[in-house]
Amino acid sequence: MSDIQRSGSGGRFSRTVVHGNIVYLCGITAKDLAADVTAQTRDILNQIDAALTEAGSDKSRILTAQIWLQNIDRDFAAMNQAWDEWLDKANMPTRATGESRLASPDVLVEIIITAAK
Amino acid sequence: MSDIQRSGSGGRFSRTVVHGNIVYLCGITAKDLAADVTAQTRDILNQIDAALTEAGSDKSRILTAQIWLQNIDRDFAAMNQAWDEWLDKANMPTRATGESRLASPDVLVEIIITAAK
Amino acid sequence: MSDIQRSGSGGRFSRTVVHGNIVYLCGITAKDLAADVTAQTRDILNQIDAALTEAGSDKSRILTAQIWLQNIDRDFAAMNQAWDEWLDKANMPTRATGESRLASPDVLVEIIITAAK
């Protein structure tokens with residue numbers, strides 16, 4: 001068996017890669033791209049929970065997060081609302097948030113997670 | 001000998017840093033910046049192959065990739081064409097792609113790779 | 001004791017997360033946001049030195065850096081001036097620099113560091 005486990009692989013990248021005790025998640029975007037940024041963020045965070053569980057981790061073991069917002073001036077507070085509701089406040093990762101236009105104009109937020117198993 | 005090996009060091013950063021069994025590559029840009037985004041991406045992916053080989057890795061062992069495009073609306077499909085040709089479909093990394101203006105206006109794409117040795 | 005140590009935790013993320021022999025720092029921004037980009041970068045690099053020391057590391061052990069500039073055309077050279085003064089030239093990390101608007105318009109630069117303990 002390989003020392004690298006890959007899952008959720010579409011045609012172009014894997015959703016999850018596990019190597020040693022580290023779990024890498026792809027940049028996750030919302031399924032419902034008609035939703036507002038708070039709802040898109042909640043959707044992403046739910047997907048992160050599911051992907052981490054499948055990989056033998058959970059949100060208390062996230063090491064670092066990058067958050068990319070299509071429009072940071074407009075959407076920073078609304079994204080943070082969903083983040084704050086979801087966050088395990090006893091086990092907060094490092095985080096960096098920047099503005100980046102994303103794969104399509106209706107993708108308002110994308111989150112990249114690295115966690116420990 | 002240090003537990004960290006650095007190579008391809010210019011004046012400002014290293015091209016490759018190896019620590020334990022992890023290989024970090026710098027954000028790689030194309031050598032021919034007059035080329036279009038597909039050609040710039042192919043050039044970058046060739047450089048990635050060479051840097052990984054030198055570090056004792058290869059593209060089947062890439063863990064995660066970040067791709068920064070100067071103009072994601074215009075260039076996402078053309079970048080993906082080069083990516084899809086090159087990708088080891090049995091061993092896909094996680095990936096996140098966002099828009100970011102880069103070191104100079106003719107740098108259309110930059111790719112950051114983390115791999116296992 | 002957990003295998004993950006977190007410190008400098010505010011309400012929303014940790015400043016430093018240590019797991020195994022890897023130190024993750026949050027995206028660090030300057031304290032004086034009225035300062036120009038060179039001064040903001042120096043401030044950030046001083047904060048990085050302090051956070052790494054606290055975590056049992058130092059700048060000679062940085063593995064990789066991401067630098068996000070609010071205006072890369074205008075500020076790339078001025079950021080690099082502070083970087084070049086500070087850099088341990090015998091131990092350069094990999095680096096990627098892109099443009100990203102940040103948490104507020106006066107945040108001119110943000111730096112994300114991963115280091116070895």
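**Helices, sheet and chain contacts**

Biologist: At what angle do the axes of helix H1 (residues 37–54) of chain B and H2(B) cross?

Modeller: Roughly 35 degrees, and the axes of H1(B) and H2(B) come within 8 Å. Here axes are lines fitted to C-alpha atoms, for helices over the stretch in contact, and angles run from 0 to 180 degrees between N-to-C directions. Helices (H or I, at least four residues) and strands (E, at least two) are DSSP runs, numbered from the N terminus.

Biologist: What should I know about the model and the numbering?

Modeller: The model is predicted: local features need pLDDT of at least 70, side-chain atom pairs count only at pLDDT 80 or more, and totals for chains, interfaces and linings use all residues. Residues are numbered from 1 along each chain as its sequence is written, while chains are lettered from A and ligands numbered from 1 in the order in which they are written.

Biologist: Back to that helix pair: is the crossing of H1(B) and H2(B) left-handed or right-handed?

Modeller: H1(B) passes H2(B) in a right-handed crossing. A crossing is left-handed if the near helix is turned anticlockwise from the far one by less than a right angle, and right-handed if clockwise.

Biologist: Which residues of H1(B) and H2(B) meet?

Modeller: From H1(B) they are Val37(B), Thr38(B), Thr41(B), Arg42(B) and Leu45(B). On the H2(B) side they are Asp75(B), Ala78(B), Met79(B), Gln81(B), Ala82(B), Trp83(B) and Trp86(B). Residues are in contact if their C-beta atoms, placed from the backbone, lie within 7 Å. By class, that contact has 7 nonpolar, 3 polar and 2 charged residues. Ala, Val, Leu, Ile, Met, Phe, Trp, Tyr, Cys and Pro count as nonpolar, Asp, Glu, Lys and Arg as charged, and the others, Gly among them, as polar.

Biologist: Switching to chain C, what is the strand order in the open sheet?

Modeller: The order is S1-S2-S3-S6-S4-S5, 6 strands with mixed pairing. Two strands pair if DSSP finds at least two bridges between them. S1 and strand S5 (94–99) of chain C are the edge strands, each pairing on one side only. On average, neighbouring strands are turned by 10 degrees against each other, direction ignored.

Biologist: And which strands of chain C does H1(C) touch?

Modeller: H1(C) packs on the sheet against S1, S2, S3 and S6, with its direction at about 25 degrees to that of S6(C). H2(C) also packs on the sheet, touching strand S4 (62–69), S5 and S6 of chain C, and its direction makes about 140 degrees with that of S4(C).

Biologist: How many bridges join S1(C) and S2(C)?

Modeller: 4 bridges, in the antiparallel sense. In one of them, Gln5(C) has Val18(C) as its partner. S2(C) also pairs with S3(C), again antiparallel over 4 bridges. There Thr16(C) stands opposite Leu25(C), and Val17(C) has Tyr24(C) as its bridge partner. The hairpin of S2(C) and S3(C) has 2 residues between the strands, and Gly20(C) takes a positive phi near 60 degrees in that hairpin.

Biologist: Are Thr16(C) and Val18(C) buried or exposed?

Modeller: Both are buried, and they point one way from S2(C). Val17(C) and His19(C) point the other way and are buried too. A residue is buried if 20 or more other C-beta atoms lie within 10 Å of its own, exposed if 12 or fewer, and partly exposed in between.

Biologist: OK, now the interfaces. How many residues of chain C are in contact with chain A?

Modeller: 21 residues of chain C, against 20 residues of chain A. On the chain C side, strand S1 (4–7), strand S2 (16–19), strand S3 (22–25) and strand S6 (109–116) each supply at least two residues. S2(C) gives the largest share, 3 residues. That side divides into 10 nonpolar, 6 polar and 5 charged residues.

Biologist: What about chain B, which element gives the largest share of the side that touches chain A?

Modeller: S5(B), with 6 residues. Overall, 20 residues of chain B are in contact with 21 residues of chain A.

Biologist: What rotation superposes chain C on chain A?

Modeller: 120 degrees, with 0.0 Å of shift along its axis and an RMSD of 0.0 Å. The two copies are thus related as by a three-fold rotation axis. In chain C, the C-alpha nearest the axis is that of Ser100(C), 3.6 Å away. Copies are superposed by least squares on the C-alpha atoms of residues with pLDDT of at least 70 in both.

Biologist: Why do you say chains C and A meet through different surfaces?

Modeller: Only 5% of the interface residues of chain C are also interface residues in chain A, so the copies meet through different surfaces.

Definitions and conventions. Contact = placed C-beta atoms within 7 Å.
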